[in-house]
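Subject: Structure handover

Hello,

Here is the structure for your side of the work. My notes on it follow below.

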Amino acid sequence: MTEDRSLELSREELRLLVDAATRRVLDYVESLPRQPSADDEGGAALARSLAEPLPETGRSSEELLDLLFEKVVRKGFGTAGPGYLAYIPGGGILHSAVADFVADAVNRYVGVFAAAPGVAQIETNVVRWFADIVGYPDTAGGILTTGGSLANFSALVTARRERLPDDFLAGILYASDQTHHSIAKAAILAGFPEENVRSIPSDPNYRLRIDVLADAISLDRKAGRRPFFVTGNAGTTNTGAVDDLDALADFCADENLWFHVDAAYGGFFLLTDFGRRALHGISRADSIVLDPHKGLFLPYGTGSLLVRDAQALRRAHALSADYMPVMQEDSDLVDFNLVSPELSREWRGLRVWLPIAMHGIGPFRRNLEEKLELTRWATDELRRIPGIEIVAEPQLSIVAFALAGPGLDSSQANELNRTFLSAINARKRVYLTGTMLGPRFVLRICVLSFRTHLDRMREGMEDIRAAAAEVRS
């Protein structure tokens with residue numbers, strides 16, 4: 001039998017590959033402040049040029065790395081740059097890239113405790129840190145996921161298993177009209193008809209109206225349906241709105257409903273004094289979603305689900321097979337495959353643990369405080385621009401605004417603001433996105449990158465002023 005060891009890199013080969021990649025990463029990161037905030041022109045042509053058949057033989061690593069850094073990664077939204085103020089930024093701290101290199105290189109299996117006890121414990125520590133941040137008791141547990149969407153899905157499945165019978169199709173879910181669409185998607189994937197998801201109107205501050213929620217639940221019960229799940233928002237994507245979590249917790253307790261909080265965007269503001277006041281009551285939720293790739297500035301692909309009763313996760317997800325190893329029963333130790341939909345996955349915990357262990361939580365708190373201050377500063381500056389209306393005051397680090405067009409109907413005003421947005425982004429120092437609030441198109445600024453500071457915000461405000469004057473002239 002002929003041995004083929006061509007995939008086994010020698011020490012020197014690995015060193016050269018890592019050095020070559022590191023050199024390009026350093027150059028790329030240093031160039032981020034000079035890169036356009038978005039560059040998607042010609043993106044489709046680039047994608048077509050990259051289509052290729054399965055290669056039988058390879059190319060040099062230098063050639064491939066050049067392709068990646070000179071062509072592939074530079075086209076699109078500048079999500080890692082300081083001018084990215086769109087959607088919900090995820091800055092991607094580089095400590096986590098090193099952690100991923102280590103995790104992928106050692107390739108330990110985290111799904112079963114016995115397979116890598118230290119690896120599993122590091123991840124357990126991270127989950128416990130998150131539970132402490134939200135104020136959960138020692139009975140809490142959780143998992144790390146790829147993001148808020150899968151965390152919401154697993155939360156909903158857990159609630160369904162805890163609160164409904166096997167024949168669950170009479171179960172009804174409730175969320176405000178500002179709730180992220182991943183809740184409705186999770187419901188559909190969990191087997192509920194789309195019409196079982198009730199959209200509850202929000203108030204003028206874009207917070208869920210509990211009075212309307214109460215009426216909807218009463219009507220569903222009278223019709224023989226089974227209300228069981230309510231989502232509260234701790235920072236919506238549209239405006240950063242935070243529902244009255246204390247009042248929702250009271251309501252759900254009185255009505256025997258599972259209270260879920262989607263804090264994917266806003267949850268880590270709990271590290272700040274302002275955030276603890278804004279999100280008061282979150283610790284009373286049955287389940288909470290947090291996205292470290294938002295509020296902790298980690299790379300995309302890092303979400304989490306926390307559940308007040310860790311055993312509820314196990315009851316919803318545990319399943320075994322003859323080929324699986326024996327699981328341990330110590331409540332302090334976790335077999336993650338028993339509390340999660342996943343059996344095989346990467347060691348996600350290290351990308352969270354390493355930067356926090358290196359710095360402590362203090363720098364993360366200070367960064368979040370800075371983003372809150374920058375958002376308030378931007379809002380004050382927007383008020384000074386003639387014709388600008390603040391449509392949604394910042395509740396966390398998002399502000400929504402629009403340019404007024406005297407004498408314009410709704411459609412014309414929306415078109416004016418789409419033109420306004422394009423004029424801002426065309427300057428390529430900041431990148432903003434818009435959204436619909438009812439029938440109205442508005443622009444939004446979201447400040448949540450660890451690389452965004454006052455200098456870039458000043459540049460962005462210059463561009464907003466110039467664009468406003470341009471489109472109104």
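Helix α6, residues 148-163, packs against helix α12, residues 310-317, at an angle of about 85°, and the two axes are 9 Å apart. Angles of 65 to 115 degrees count as roughly perpendicular, so α6 and α12 fall in that class. Please keep in mind that this is a predicted model. On the α6 side the contact is made by S154, V157, T158, R161 and E162, and on the α12 side by A312, L313, R315, A316 and H317. Sorted by class, this contact has 4 nonpolar, 3 polar and 3 charged residues.

Also in α6 is A151. Its relative accessible area is 0%, so A151 is buried. Apart from neighbours within four places in sequence, A151 is in contact with T145, V289, S304 and L305. A151 and L305 are 154 residues apart along the chain, yet their C-alpha atoms are separated by 5.1 Å.

In general, nonpolar side chains of soluble globular proteins tend to be buried together. The largest nonpolar core here has 52 residues, and the members touching the most others are F130, L213, V261, I282 and I288. Two or more residues come from each of these elements: helices α5 (117-134), α8 (210-222), α9 (245-255), α13 (349-359) and α14 (362-383), and strands β4 (171-176), β7 (258-263) and β8 (287-290). For I282, leaving aside neighbours within four places in sequence, the contacts are V134, A234, L245, V261, A263, L270 and I288. There is also a second, separate core of 34 residues, with A159, F228, F229 and L350 among them.

The last item is helix α7, residues 182-189. Which of its residues are buried? They are S182, I183, A186 and A187. Viewed down the axis of α7, the buried residues fall within an arc of 145°, and therefore they line one face of the helix. An α-helix has 3.6 residues a turn, so residues three or four places apart point the same way. The buried residues of α7 are covered by elements including α6, β4, β5 (197-200), β6 (226-233) and β7. On the face turned away from the buried side, α7 carries the exposed residues K185 and L189. Just after α7, G191 takes a positive phi of about 105°.

Regards

Definitions and conventions:
Residues are numbered from 1 along each chain as its sequence is written. This is a predicted model: local features need pLDDT of at least 70, side-chain atom pairs count only at pLDDT 80 or more; totals for chains, interfaces and linings use all residues. Side-chain values use heavy atoms; hydrogens and water are left out. Axes are lines fitted to C-alpha atoms, for helices over the stretch in contact, and angles run from 0 to 180 degrees between N-to-C directions. Helices (H or I, at least four residues) and strands (E, at least two) are DSSP runs, numbered from the N terminus. Angles under 35 degrees count as roughly parallel, over 145 as roughly antiparallel, 65 to 115 as roughly perpendicular and the rest as oblique. Contact means heavy atoms within 4.5 Å. Ala, Val, Leu, Ile, Met, Phe, Trp, Tyr, Cys and Pro count as nonpolar, Asp, Glu, Lys and Arg as charged, and the others, Gly among them, as polar. A nonpolar core is a set of buried Ala, Val, Leu, Ile, Met, Phe, Trp, Tyr and Cys residues joined through side-chain atoms within 4.5 Å. Buried means under 20% relative accessible area, exposed over 50%, partly exposed in between (1.4 Å probe, protein chains only). The arc is that of the directions from the helix axis to the C-beta atoms.
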